[in-house]
Amino acid sequence: MNEIEPLDRRFTELLAGYRTAGGLARDSEIVPRVADRHPGGCVWLSRQIACRGLLFFTWQEALWFPVFQFEKADMSQRGAVARIAAELAGWTDDWERVQWFVRPHCALDDRTPLELLDAEPGRVAEAARMERFLQNA
């Protein structure tokens with residue numbers, strides 16, 4: 001019996017974690033949607049990827065994006081997600097940033113940031129800020 005590779009296991013966990021919030025989408029799905037709906041389309045997306053402003057990770061030679069971070073109307077990034085992604089940048093890698101949203105956090109009463117994001121975005125941002133300070137201490 002083949003053992004599941006660690007990255008495959010992490011990917012499976014992310015699929016399950018984001019299933020209720022729009023799931024994950026490959027770059028081949030996101031790029032055309034952004035190009036059609038967002039002002040500046042692909043240039044904006046490229047800049048956000050380069051500066052790690054969006055949540056994404058690479059798996060099997062594709063970029064994967066949690067869909068919840070995009071506004072449905074224009075494919076811009078949701079403001080609360082942008083603020084939290086900025087808090088996570090610099091001390092987490094791409095995978096860790098995406099995983100952070102679907103792992104229970106003690107500052108959120110062991111709920112996931114994704115669960116509380118819509119109802120309590122400030123609290124989720126504060127949890128990310130607190131964790132950044134703890135990591136840099």
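**Cysteines, cores and a pocket**

Visitor: Is cysteine 51 buried or exposed?
Guide: This is a predicted model, so the value is a computed one. Cysteine 51 has 52% relative accessibility. The cut-off for that class is over 50%, so cysteine 51 counts as exposed.

Visitor: How many disulfides does the structure hold?
Guide: A disulfide needs two cysteine sulfur atoms within 2.5 Å. Cysteine 51 is in no disulfide, and its nearest cysteine sulfur, on cysteine 42, is 16 Å away. For the structure, the number of disulfides is zero.

Visitor: What about cysteine 106, buried or exposed?
Guide: Its relative accessible area comes out at 63%. Anything over 50% falls in one class, so cysteine 106 is exposed.

Visitor: Which element gives the largest share of the largest nonpolar core?
Guide: That core has 30 residues, and Leu14, Trp100 and Phe101 are among those with the most contacts inside it. Elements giving two or more residues include helix 1 (6-18), strand 3 (62-66), helix 4 (79-88) and helix 7 (121-136). The largest share is five residues, and it comes from helix 4.

Visitor: How many residues are in the other core that lies apart from it?
Guide: In soluble globular proteins, nonpolar side chains tend to be buried together. Here another core sits apart from the largest one, with Leu45, Leu54, Phe65 and Met75 among its members. Its residue count is twelve.

Visitor: Which residues does phenylalanine 101 touch, leaving out those up to four places away in sequence?
Guide: Phenylalanine 101 is one of the residues with the most contacts inside the largest nonpolar core. Contact here takes heavy atoms within 4.5 Å. With sequence neighbours up to four places away left out, phenylalanine 101 touches Tyr18, Leu55, Phe68, Ile84, Leu88, Thr112, Pro113 and Leu114.

Visitor: How many charged residues are in the lining of the largest pocket?
Guide: The largest pocket has a volume of about 160 Å³. Its lining is Ala21, Gly22, Arg33, Arg37, Val67, Phe68, Phe70, Glu71, Lys72 and Met75. Five of these residues are nonpolar and one is polar, while the charged ones number four.

Visitor: What is phi of glutamate 61 near?
Guide: Glutamate 61 has its place in the loop between strand 2 and strand 3. At 83% relative accessibility, glutamate 61 counts as exposed. Phi is positive there, in a residue other than glycine, and its value is near 65 degrees.

Visitor: And what is phi of aspartate 109 near?
Guide: Look in the loop between helix 5 and helix 6 for aspartate 109. Aspartate 109 is exposed, with a relative accessible area of 55%. Its phi is also a positive value in a residue other than glycine, near 55 degrees.

Visitor: How far apart in space are alanine 107 and methionine 130, C-alpha to C-alpha?
Guide: Alanine 107 is found in the loop between helix 5 and helix 6, and at 28% relative accessibility it counts as partly exposed. Alanine 107 touches Arg123, Ala127 and Met130, not counting residues up to four places away in sequence. Alanine 107 and methionine 130 are 23 residues apart in sequence, and C-alpha to C-alpha their separation is 8.7 Å.

Methods. Residues numbered from 1 in each chain as written. Predicted model: local features only at pLDDT ≥ 70, side-chain atom pairs only at ≥ 80, totals over all residues. Heavy atoms only, no water. Buried < 20%, exposed > 50% of the residue type's maximum accessible area, 1.4 Å probe, protein only. 1 Å grid on protein atoms, 1.4 Å probe; cavity = no way out; pocket = protein on both sides within 12 Å on 5 of 7 lines; lining within 4 Å. Points joined across faces, edges and corners; volume = space filled by probe spheres on them. Nonpolar A, V, L, I, M, F, W, Y, C, P; charged D, E, K, R; others polar. Core = buried A, V, L, I, M, F, W, Y, C linked by side-chain atoms within 4.5 Å. Helix = DSSP H or I, 4+ residues; strand = E, 2+ residues; numbered from the N terminus.
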